[in-house]
Amino acid sequence: MHGSWTYGQHPDAVVVGSGIIGAACAEALTRRGVRVLVLDRGAVASATTASGEGNLLVSDKPPGPELDLALASLRRWPALLAELREELGPRRAACEYERKGGLVVAIGAAQSAALRAFAAAQRAVGVESHALAPDEIAAYEPHLTPRATAVLRYPQDAQLQPVLAATALLAAVRARGGEVRGGVAALGVRRDRRGRVRAVRTARGDVPCGAVVNACGPWAGSFADAVGAPLPVAPRRGLVLVTAPLPAGTVRHKVYAADYVGAVGAAEADLRFSTVVEATQAGTVLIGSSRQRVGFDPAIPVAVLRALARGATTLFPLLAAVPVLRAYGGFRPYTPDHLPVIGPDPRRAGLWHATGHEGAGIGLAAATGDLLAELLTGEPPHLDPAPFRVDRPGLRGAPEATEGVPAAGAVATRSGPGAAGAEGPVAQVPGGGVSLTVDGVARRARPGDTVAAVLLATGRAAWRTTRGGDRPRGVFCGIGVCHDCLVVVNGLPDVRACLREVAAGDVVETQRGAVLPGPATVPGEGEGGGSDAAGPTRTAGADGDDAHGDGEDRA
């Protein structure tokens with residue numbers, strides 16, 4: 001081990017990602033006596049988990065592997081929370097768990113017929129649902145629209161506060177001797193001569209371990225690329241509105257429109273809506289949901305928020321007079337076949353995955369953690385793991401992430417920081433090349449091109465601004481020394497564009513300032529060749545802002 005990293009005892013396993021899935025995996029592993037270190041490049045449980053609504057649902061899933069996982073998780077959550085309360089005390093384990101049930105609402109004959117058929121298929125595999133007679137609806141939701149033509153109640157649906165749940169799981173990890181570190185980016189792995197993982201590379205040095213769990217959520221594909229085991233996990237953005245607090249009982253269940261299931265299962269990159277309304281214990285009402293594959297674009301379009309509000313007032317007309325306090329968005333880890341990836345990666349001995357749950361991660365976390373831990377420790381799995389294998393047919397030949405690609409013949413333009421004008425037309429690469437997006441605009445590159453080469457070919461002279469003065473920066477030295485050309489790639493900052501070769505599906509974004517938190521790390525210096533490629537490299541020194549003579553204009 002080298003660099004500034006310190007750890008009392010080398011962990012058996014490193015879990016990369018401290019969201020609800022990573023936390024559940026770490027808790028399940030430490031419960032089995034495995035020494036665990038949890039790493040997160042940001043604050044603990046601050047990304048996808050902090051943007052979730054906390055739903056534990058079976059009502060939205062058709063019969064199949066995901067529903068099997070959801071039912072197992074729904075059974076496990078109450079017992080797991082009871083165990084945490086016993087171990088940590090009720091205050092540290094509190095996470096606002098409530099089995100309040102859900103209502104699915106159809107409006108019109110076609111929706112009603114489809115909903116009844118869907119529920120019948122679910123009942124055959126153990127999902128409880130009950131059709132409410134018209135005179136029963138008001139007892140469950142007194143303010144629901146009178147236009148409803150069919151309402152089904154799902155008593156198994158539950159809710160909890162996701163950040164509180166994740167922090168309770170991580171508290172148990174610490175109580176058992178594990179460690180949780182935020183603000184530490186995992187950059188890749190090192191492998192021994194036989195190709196097995198022997199350490200995780202971080203900006204603060206190597207962490208020796210026998211296994212690494214990729215629980216990076218929407219960034220799981222980027223981490224998989226960095227260790228040489230590509231995985232088709234892409235971000236899918238969702239937005240939520242939060243209203244002012246309402247009197248208790250105004251909205252009593254999770255209530256959603258019958259077309260919600262279709263929006264969840266949609267494969268298109270296009271924007272999809274379906275109305276979801278539910279109250280929190282604080283009295284606020286959460287309104288969703290939208291789903292759109294737009295890379296890591298953090299924008300919150302007003303048109304989307306208006307559509308969410310319209311949908312909510314369709315189900316609950318009284319919400320039209322309720323003020324909205326805020327809106328927030330998050331990225332969910334999407335896979336082409338809409339199933340999570342759980343288990344070992346046969347391409348990299350010692351690499352494990354627990355990702356791809358999209359918007360269902362909160363509900364699926366408890367069973368996911370147990371399944372991952374059972375497989376890793378050699379216990380008989382409580383659930384058939386085959387549908388979640390990384391080498392399953394549904395993940396082979398996955399389409400490239402091409403969301404945002406202009407229509408045929410279109411020319412995409414966009415201004416960059418400090419650019420004299422708009423970028424030039426999209427480069428035409430023979431044979432299709434490699435697809436990526438740059439600040440939300442589709443680009444194509446030749447295999448082996450660096451990010452800097454792609455940006456320069458499209459007319460961009462600058463793609464970063466300084467922390468002081470917000471001045472433009474681009475390529476200066478071209479050999480990775482000056483750090484002027486830093487960009488954000490797949491959500492990871494401080495990637496040197498002149499050194500990073502593009503990969504299919506890369507999402508490149510303009511960087512504001514620089515992070516640069518740790519000692520220098522040189523890509524490719526470890527054993528295993530490709531496993532150490534990709535990922536950002538960082539340095540503790542100046543980032544080159546003064547290379548042009550702007551001594552006062554540091555990063």
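Biologist: Leaving aside neighbours within four places in sequence, which residues is I20 in contact with in this model?

Modeller: In this predicted model, I20 is in contact with T49, W77, P162, A165, A166, L169, G361, I362 and A365, once its neighbours within four places in sequence are left aside. Each of these counts as a contact because heavy atoms lie within 4.5 Å.

Biologist: Why is the contact between E27 and R31 called a salt bridge?

Modeller: The term requires a side-chain nitrogen of Lys or Arg within 4 Å of a carboxyl oxygen of Asp or Glu. For E27 and R31 the distance from N to O is 2.8 Å, so the pair falls within the 4 Å cut-off and is called a salt bridge. The two residues are four apart in helix α1 (residues 20–31), which means that about one helical turn separates them.

Biologist: What makes the pair of D370 and R31 a link between distant parts of the chain?

Modeller: The side chains of D370 and R31 meet in a salt bridge with 3.0 Å from N to O, and the pair links helix α9 (residues 361–377), where D370 is found, to helix α1, where R31 is found, across 339 residues. D370, with a relative accessible area of 9%, is under the 20% limit and therefore buried.

Biologist: Why can R76 be said to tie parts of the chain together with D370?

Modeller: R76 also forms a salt bridge with D370, the closest N and O atoms being 3.2 Å apart. Because R76 lies in helix α2 and D370 in helix α9, this pair ties together parts that are 294 residues apart in sequence. R76 has a relative accessible area of 15%, so R76 too counts as buried. A network of salt bridges links E27, R31, R32, R76, E83, E87, R176, D370, E374 and E379, and a search of the whole structure finds 20 salt bridges.

Biologist: What is the phi of D494, and is D494 buried or exposed?

Modeller: Phi of D494 is near 65°, a positive value in a residue other than glycine, and D494 has its place in strand β25, residues 492–496. Its relative accessibility is 0%, so D494 counts as buried.

Biologist: Why is E96 called partly exposed?

Modeller: E96 has 37% relative accessibility, a value between the 20% and 50% limits, so E96 counts as partly exposed. E96 has its place in the loop between α2 and β4, and has a positive phi of about 60° although it is not a glycine.

Technical notes: Residues numbered from 1 in each chain as written. Predicted model: local features only at pLDDT ≥ 70, side-chain atom pairs only at ≥ 80, totals over all residues. Heavy atoms only, no water. Buried < 20%, exposed > 50% of the residue type's maximum accessible area, 1.4 Å probe, protein only.
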